[in-house]
Amino acid sequence: MLKIYIQTSEAFKRLASDKDGVVSFEYVIVAACIVAAVTAAFGTTTGTGIGAALTTAIGKVTTAVTAAA
């Protein structure tokens, strides 16, 4: 257990002193925030919100194209 603790603390020390590691960690945080924002905007289903609006709009476009052909 002590060996794992030492390895983990050494890894955190290297990450804290490594500028590239910090930047890549920030990118992970930003990516997680973007995923959360997209999920909040579109929801997990197409029954409400923007998902429902897009489904309705695509249905109207499909109907119009089919009628024109």
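The mean pLDDT of this chain, a predicted model, is 78, and 78% of its residues reach 70 or more, where pLDDT is the predictor's confidence in each residue, from 0 to 100. Where pLDDT is low, the predicted coordinates should not be read in detail. In this predicted model, local features need pLDDT of at least 70 and side-chain atom pairs count only at pLDDT 80 or more, while totals for chains, interfaces and linings use all residues. Residues are numbered from 1 along each chain as its sequence is written, and side-chain values use heavy atoms, with hydrogens and water left out.

The secondary structure consists of three helices and zero strands, and the elements follow one another from the N terminus as α-α-α; here helices (H or I, at least four residues) and strands (E, at least two) are DSSP runs, numbered from the N terminus. Among these elements, helix α2, covering residues 19–42, has the lowest mean pLDDT, 77, whereas helix α3, covering residues 49–68, has the highest, 86.

The next topic is the surface. The chain exposes about 5900 Å², of which carbon and sulfur atoms supply 73%; accessible areas come from the Shrake-Rupley method with a 1.4 Å probe, and for residues only the protein chains shown count as cover. Of the 69 residues, 3% count as buried, a term that means under 20% relative accessible area, with exposed set at over 50% and partly exposed in between (1.4 Å probe, protein chains only).

On this surface, V30, I34, V38, F42, I50, L54 and I58 form a nonpolar patch with about 600 Å² of accessible area together. Patches are made of residues with over 30% relative accessible area and no salt bridge, like charges being joined within 9 Å and nonpolar side chains (Val, Leu, Ile, Met, Phe, Trp, Tyr) within 5 Å; a salt bridge is a side-chain nitrogen of Lys or Arg within 4 Å of a carboxyl oxygen of Asp or Glu. Helices α2 and α3 each supply at least two residues of the nonpolar patch, and α2 gives the most, with four residues. I50, one of the patch residues, lies in helix α3 and is partly exposed, with a relative accessible area of 39%.

G51 also has its place in helix α3, but G51 is buried, because its relative accessible area is 8%. A41, found in helix α2, is partly exposed, with a relative accessible area of 37%. G51 and A41 are 10 residues apart in sequence and 8.5 Å apart in space, C-alpha to C-alpha.
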